[in-house]
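Take a look at the sequence and the model first, then read on.

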Amino acid sequence: MRLLLSALLCATGVHAQTCQPSADEVVQAVNQVRAQPRTCGQRHQAVAAPVAWDERLAASASAYALELGQRGEISHQGQRAGTLRQRLQSAGYPMASGGEVLGGGPATLDQALALWLASEAHCESLMRPDYIHVGAACVATAGRYEQYWVLHLAVPVRSSPDRSP
């Protein structure tokens with residue numbers, strides 16, 4: 001994934017650096033969050049099942065983190081692929097449902113997770129029990145926030161049910 005991100009950076013002419021944690025670090029940290037019941041705003045969230053790394057979600061997150069860094073803003077409305085569904089579809093992920101958690105400024109994954117857990121909507125996204133996949137990216141730029149974080153959580157559309165006897 002770092003190679004993909006480096007290629008994207010070179011191709012766009014943006015001199016950004018990665019602050020990207022490894023896939024294992026992301027999965028471990030997100031699953032630690034999901035392993036404990038939480039209160040997100042006024043809502044109690046039960047323990048959620050662990051998620052697994054998905055390269056398609058990671059590729060989508062990398063491309064979007066780069067776009068946000070280029071734009072110097074945090075927004076769920078993309079310029080290249082306007083919505084999360086479009087971003088994941090472009091990456092080849094057939095999303096049934098998904099969540100996008102964005103952040104600007106934190107230098108580390110732990111700081112980004114702390115920021116997201118302090119936000120009711122982001123906390124609820126992290127704790128959604130139906131999500132089974134995760135992908136994340138961080139790009140460091142000279143932009144307004146310096147570090148741009150994108151975390152995608154999703155569950156794919158199920159394939160046709162098995163109708164065997």
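Let's start with one term: buried means under 20% relative accessible area, exposed means over 50%, and partly exposed is in between (1.4 Å probe, protein chains only). This is a predicted model, where local features need pLDDT of at least 70, side-chain atom pairs count only at pLDDT 80 or more, and totals for chains, interfaces and linings use all residues. Residues are numbered from 1 along each chain as its sequence is written, and side-chain values use heavy atoms, with hydrogens and water left out.

**Confidence**

- The pLDDT is the predictor's confidence in each residue, from 0 to 100; its mean for the protein is 87, and 85% of the residues reach 70 or more.
- Residues 1–15 have a pLDDT below 50, and beyond near neighbours in sequence this stretch has 24 contacts in the model. A contact here means heavy atoms within 4.5 Å.

**Overall layout**

- You'll find six helices and seven strands in the protein. Helices (H or I, at least four residues) and strands (E, at least two) are DSSP runs, numbered from the N terminus.
- Following the sequence, the pattern reads α-β-α-β-β-β-α-α-β-α-α-β-β.
- The protein has 165 residues, and 47% of them count as buried.
- Take the contacts between residues at least 6 apart in sequence: 68% of them join residues at least 24 apart.
- The protein's accessible surface is about 8500 Å², with 52% of that belonging to carbon and sulfur atoms. These areas come from the Shrake-Rupley method with a 1.4 Å probe; for residues, only the protein chains shown count as cover.

**The tyrosine pair and its loop**

- The structure holds one aromatic pair. The rings of tyrosine 145 and tyrosine 148 have centres 5.8 Å apart and planes at 85 degrees, so this pair is edge-to-face.
- For the cut-offs, rings of Phe, Tyr and Trp (its six-membered ring) pair if their centres lie within 6.5 Å; planes under 30 degrees apart count as stacked, over 60 as edge-to-face and the rest as tilted.
- Tyrosine 145 counts as partly exposed because its relative accessibility is 26%, whereas tyrosine 148 is buried at 0%.
- Tyrosine 145 is in the loop between strand S6 (133–140) and S7. Leaving out residues up to four places away in sequence, tyrosine 145 touches Gly72, Glu73, Ile74, Gly104 and Gly105.
- Tyrosine 145 and glutamate 73 are 72 residues apart in sequence, but 7.6 Å apart in space, C-alpha to C-alpha.
- The side chain of tyrosine 145 also makes a polar contact with that of arginine 144 (3.4 Å). A polar contact is a pair of N or O atoms within 3.5 Å; within protein, one must be able to donate a hydrogen and the other to accept it, and residues adjacent in sequence count only if both atoms are side-chain atoms.
- Glutamate 146 is found in the loop between S6 and S7 too. Its phi is positive, about 70 degrees, although glutamate 146 is not a glycine, and it is partly exposed at 48%.

**Around histidine 152**

- Histidine 152 is found in strand S7 (residues 147–156), and it is buried, with a relative accessible area of 0%.
- Its side chain makes polar contacts with the side chains of serine 60 (3.4 Å) and glutamate 100 (2.8 Å).
- Beyond residues up to four places away in sequence, histidine 152 touches a list of residues including Leu57, Leu84, His133 and Gly135.

**Arginine 87 over a ring**

- Arginine 87 lies in helix H4 (residues 84–90), and is buried at 5% relative accessible area.
- Arginine 87 lies over the face of tyrosine 64, at 3.8 Å from the ring centre. A charge sits over a ring if NZ of Lys or CZ of Arg is within 6 Å of the ring centre and within 35 degrees of the ring normal.
- Not counting residues up to four places away in sequence, arginine 87 touches several residues, among them Ser60, His76 and Glu100.

- Leucine 113 is found in helix H5 (residues 109–117) and counts as buried, at 6%. Residues up to four places away in sequence aside, leucine 113 touches Ala29, Val33 and Leu126.
- In helix H6 (residues 120–127), the buried residues include Cys123, Leu126 and Met127. The buried residues of H6 pack against several elements, among them helix H2 (23–34), strand S5 (95–104), H5 and S7.
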